[in-house]
Amino acid sequence: MYALLLRLMFLLPPERIHHLAFAAMRLATATPGVRALLARATAPADPILATRAFGVDFPAPLGLAAGFDKDAEGVNAWGPLGFGFAEIGTVTAHAQPGNPAPRLFRLQADRALINRMGFNNHGAAAAAERLRRRRTGGVPIGANIGKTKLVPADAAAADYATSARLLGPLADFVVVNVSSPNTPGLRDLQAVASLRPLLRAVLDSVEVPVLVKIAPDLSDDDIDAVADLAVELGLAGIVATNTTIRRDGLATPAAEVEAMGAGGLSGPPVADRALEVLRRLYARVGDRLVLISVGGIETADQAFERILAGATLLQGYTGFIYGGPGWTRRIHRGLAQRLRARGFTSLTEAVGAEHTHGLEQSA
């Protein structure tokens, strides 16, 4: 049924259908009877999936990645739609329109997306006002913050700190995004010399856990350097990874991809690198940091593989687009089945098991 609906939705421009679908989700989950039905059908309730990370209780490990709910408009929708948590944003200190449209593209043959949205959002103050109105008892919400485009690099720390002060008290955790390819110069902030004062400014501005989100295109040495810095500064964790600027190995014809232009590629094409980065991070830091794995997760097998490789939590966006409203339920049910089949009594026991016990997903 969803496959037919997806074909119909794909007749409309990607950004247009995003706004329509998102509005429908908010309307459905704001209607008490519909909200209750959705929650019974999709919300994870299996206790084996529950976990506690950086002092926050998560009912299940799969969350919504940043980029879908840029302005915290759907903070009350994500629990009833089956997510264990959600990350709003990316939010900047000042409102900005983002890049000119078209800026979102589908690669249907790859079940992937390319976006160059450019942190379009209404600003941190507007997002904070929406967070104040979120329902109590909902799933945890993280605030993903980025640099305002017009702010120079030497003022980035203060810009991030402004967003952190506005959003931190209203969120369960804050994610510092220095890895989007769509804001000029942003990825340069991943260099440790630039990243240290920026992260310190955010840590000094909030009391909630702080994580950093990194790109899959970092070299292995740079991944190690960021991991070491995160441990040194006492960060809660790392989100790995953002979208990639690479275009190799795609099924979509090269001419079509080239016509789409610049932007970050998400979905299955980034899955292998996201897993590589996760494994490298866990080997480097073990359980000293919480690792949130994102990038190309479509199936329960892939989700379980990420848990065994060291992820405490998972995120998806493109998989949700292509997988539909039953995607979160399939992932969580499949994870619960695989945990019990392998003899685990909790999700926490399985985190990093391939490193500590030599276990692999296919073993």
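Biologist: Which residues are buried in H12?
Modeller: Trp327, Thr328, Ile331, His332, Gly334, Leu335, Ala336 and Leu339 are buried in H12. Buried means under 20% relative accessible area, exposed means over 50%, and partly exposed lies in between (1.4 Å probe, protein chains only). Helices (H or I, at least four residues) and strands (E, at least two) are DSSP runs, numbered from the N terminus.

Biologist: What should I know about the source of these values?
Modeller: This is a predicted model, in which local features need pLDDT of at least 70 and side-chain atom pairs count only at pLDDT 80 or more, while totals for chains, interfaces and linings use all residues. Residues are numbered from 1 along each chain as its sequence is written, and side-chain values use heavy atoms, with hydrogens and water left out.

Biologist: Back to H12: what do its buried residues pack against?
Modeller: They pack against S3, helix H10 (300-309), strand S13 (313-316), H11 and helix H13 (347-350). Contact here means heavy atoms within 4.5 Å.

Biologist: What span should H12 have, and what is the distance between its end C-alpha atoms?
Modeller: The 15 residues of H12 (residues 327-341) should span 21 Å at 1.5 Å a residue, and the end C-alpha atoms are 21 Å apart, which agrees. The expected span is 1.5 Å times one less than the number of residues. Just after H12, Gly343 takes a positive phi of about 85 degrees.

Biologist: Which residues of H2 are buried?
Modeller: Pro14, Glu15, Ile17, His18, Phe22, Met25 and Thr29 are the buried residues of H2. Seen down the axis of H2, they fall within an arc of 155 degrees, so they line one face of the helix. The arc is that of the directions from the helix axis to the C-beta atoms.

Biologist: What covers that set, and what is exposed on the other side of H2?
Modeller: The cover of the buried residues in H2 includes H1, helix H3 (32-42), S5 and helix H11 (318-323). On the other side of H2, Leu27 and Ala30 are exposed.

Biologist: Which residues form the nonpolar patch on the surface?
Modeller: Leu4, Leu5, Leu8 and Leu11 form it, with about 410 Å² of accessible area together. Patches are made of residues with over 30% relative accessible area and no salt bridge, joining like charges within 9 Å and nonpolar side chains (Val, Leu, Ile, Met, Phe, Trp, Tyr) within 5 Å. A salt bridge is a side-chain nitrogen of Lys or Arg within 4 Å of a carboxyl oxygen of Asp or Glu. Accessible areas come from the Shrake-Rupley method with a 1.4 Å probe, and for residues only the protein chains shown count as cover. Leu5 lies in helix H1 (residues 2-9) and, at 42% relative accessibility, counts as partly exposed.

Biologist: What is phi for Phe119?
Modeller: Phi of Phe119 is near 55 degrees, a positive value. Phe119 lies in the loop between strand S6 (112-115) and helix H4 (124-132), and is buried at 5% relative accessibility.

Biologist: What is omega for the peptide bond from Ala101 to Pro102?
Modeller: Omega is near 0 degrees, and the bond is cis. Pro102 is in the loop between strand S4 (85-91) and strand S5 (104-107). The peptide bond from Ala240 to Thr241 is cis, with omega near 15 degrees.
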